[in-house]
Amino acid sequence: MNKSIPNGLTSAEVKTRQLEGLDNSFKVDSSKSTWDIIRGNTFTLFNAVNTFIAICLLAVGSYSNALFMVFILNNIVVGIFVELRARNIVDKLMILNKDPICVIRDGKEVHISPDEIVLGDIIKLPTGVQVPSDAIVKHGTVEANEALLTGESDLIIKRSGSHLLSGSVITSGQCYAEVEHVGKDNYSTKLAIEAKVFKPITSELLSSLKTITKFTSRIVLPLGVILLLESLLIKFAGVFTHDNVQASVVSTASAILGMLPKGMAVLIVISLIMAIIKLGRKKVLVQDMYSIETMAYVNTLCLDKTGTITEGKMKVKGFKLLGSSSEKQFLSMLGSYLHFDTDNSGTMQAVRKYFKENRNHKGDKLVSFSSDRKWSSLRLKDVGTVVLGAPGRLLDKVPAEIEDAQSKGARVLLFGVTDQNITISSKPKNVKPIAMIELEDPIRKDADKTLKYLSSQGVDLKIISGDNPTTVSAIARSAGFANYDNFIDTSTLTDEELRKKVSSTAIFGRVTPQQKKVIITHLKSLGRTVAMTGDGVNDILALREADLSIVMATGDSATKQIANLVLLESKFNDIPDVLFEARRVVNNMFRAGSIFFIKTIYSFFLVILCALSPLTGSVAVFPFVAIQITMLDQIIEGWPSFWLALESDRRPVVGNFLKTSLLRSLPNAILIAACVVFLHFFGPVQGWSQIDTATVMYYLLGCITAMNVVKSCLPLNKLHIFLIITTIGGFFLGAAILKNLIHVTAIYEFSGPILGVFFAMLAACIILRLLWNRFFEHKRNL
């Protein structure tokens, strides 16, 4: 080991500091604790309102109507169980996603978990590593990116004596640093605690439910008070009146329960968690549950070439001399350069494997490779300053031999020499080419099928790479990328010029990390939902900016820490599987929403009508009781929605969830409200008893709601037919068996005239619903 590198702590010193608690084991866990999961599933606005209603019903002795709490408690238990199971799977996968850190102990390099670092440890930090603890550089020079901490993307040079912040990323060079803070004293940990760790949830599904909740919560209290007062102050008996406190509370509670789509929130969370479990079994680590939903809306996918389209396994194909130097001179200079260079990227690993290091020349003034510069340099005694990097960045005119190799898809490195003393802030000039090194990276076997499938699904694909655009285009062509000939070189473009070309360009070459971010930001400003794949520190800015970040497990540790999804087996063809799961969840929630929101809409209409009824000279109360709504919740809403939510649905997601669901529910809700109003006046005129009128209303309510179940089950298959039969059959069978509990008459007990009215109204509703569908389908086709 280099004498200037500290020997690090001894084993005894490490043990002492561990006993003193001076280690890095403290962490702010981004996954939920068991208590967080229990609290999140239990203490919600929905549960609070339902509990309050249940207490009121129990207080007046209406025990049967309070039975809905049994199902609420069941939903809570199921939600907790499924989320705990998902968390355990994610925690196991997270272990696979952790990269060890190299420390110096007893004068030797040892690889340990970042949690095992102790105060005073000497840590080795090569390019691509995320700094695990605050530290002071003791040997070497690096460039660090602190964008994850400060939001500023500028690279900061860190020399001996400089402070490195935990969470920053080494973008070039290599250094040895002494840990100065551990655990909760680390800068990144303090930020995490201050920010309360958890990122804001971005979910259209949950935000839609919150919108409904806010709306109903604002009107529930005043309307509930109005309905209760009206019911209590009624002095006369009528078809829809109750003359006692119990009946008044039951009526008011039922109206409030009807407006709450309480099962929808549980169904959304369980569906997302089930998707996490399924993807986890396929070795896809989901680090943000709601990123699954985001994937369903992705319409633009930006791909990093290396490690995504290609396998990321670089190997040297060969070299060719370009100048007057002999092969022996070239190998001598390159071998000495490799001896002093600290770059451990995949490209340099391939170069080291092909060429041998030597100490033929003394070297100093190393400028390490970075994704921004795309070159590195080293001064060799008696030779000059040798440079290695992208030909386009080192030469004003690229030799024909290099252009020919690049057009065939090869990555080419230029090795040259200059008399210039180069620094980090200067650019190489007057470089004399010595040799070109040709590298190749095998294309993934499944790349062509995956690219074609994603394109067929309406996903706009773009390739963003730091390589020469000609090289990227050739590789894209071999991989089956449709727009392989639509490429630009971004190295000469300003940010504004780049923005103008983003929409119309498919392949971007010689892109800097900052330009990658510009591309993603501009695509988002155009209203697109953008996903980004990457594997290196040069992708971090773009990955953070994207709506959804996907990283291969072979990528740098820093990129894996910030990714929404990590493909643990680094398979590009896992992306369609994620897309399938995402679409399944969201499309099935659209179907479920069209069933759940019927109750919310018709309850709102009827509550408004009941509240305004005194203006007509008569007072009406909410026509359904809580136990009836509970039966409908379980049989017609919950039963089919749960099974439909598990069904595969790979169709692209179209439309806004809330708007689409409400529009699909609206016609059925209007029909229900119209039927109730009609029967409110028609029943007494025909001399029907209160129980007969209420029963016809209840059966029409169930049948009209079931229409959307049938619609959601189209096209028919064995499961759908089973769900339709069991839903409708279960509704009528449940009513017949539990008729006394839910205060209705069995349908077979109806008299002929009442039965005739029921079927006539049901037939009219079916015809009106079909006409509604035909009208809007015709309107869409115009």
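Colleague: Which residues are buried in helix 19?

Modeller: This is a predicted model, where local features need pLDDT of at least 70, side-chain atom pairs count only at pLDDT 80 or more, and totals for chains, interfaces and linings use all residues. Residues are numbered from 1 along each chain as its sequence is written, and side-chain values use heavy atoms, with hydrogens and water left out. Buried means under 20% relative accessible area (1.4 Å probe, protein chains only). In helix 19 the buried residues are Pro 513, Gln 515, Lys 516, Val 518, Ile 519, Ile 520, His 522 and Leu 523.

Colleague: How many Å does helix 19 reach from its first C-alpha to its last?

Modeller: Helices are DSSP runs of H or I with at least four residues, numbered from the N terminus. Helix 19 covers residues 513–525, 13 residues in all.

Colleague: What is the volume of the largest cavity?

Modeller: On a 1 Å grid over the protein atoms alone, a cavity is a set of points where a 1.4 Å probe fits but cannot get out. Points are joined across faces, edges and corners, and a volume is the space filled by probe spheres set on them. The model has 5 cavities of 30 Å³ or more. The largest cavity has a volume of about 40 Å³.

Colleague: Which helix gives the largest share of the lining of the largest cavity?

Modeller: Lining residues have an atom within 4 Å of a point. The largest share, 4 residues, comes from helix 22.

Terms used: On a 1 Å grid over the protein atoms alone, a cavity is a set of points where a 1.4 Å probe fits but cannot get out, and a pocket is an open set with protein on both sides within 12 Å along at least five of seven lines; lining residues have an atom within 4 Å of a point. Helices (H or I, at least four residues) and strands (E, at least two) are DSSP runs, numbered from the N terminus. The expected span of a helix is 1.5 Å times one less than its number of residues. Buried means under 20% relative accessible area, exposed over 50%, partly exposed in between (1.4 Å probe, protein chains only).
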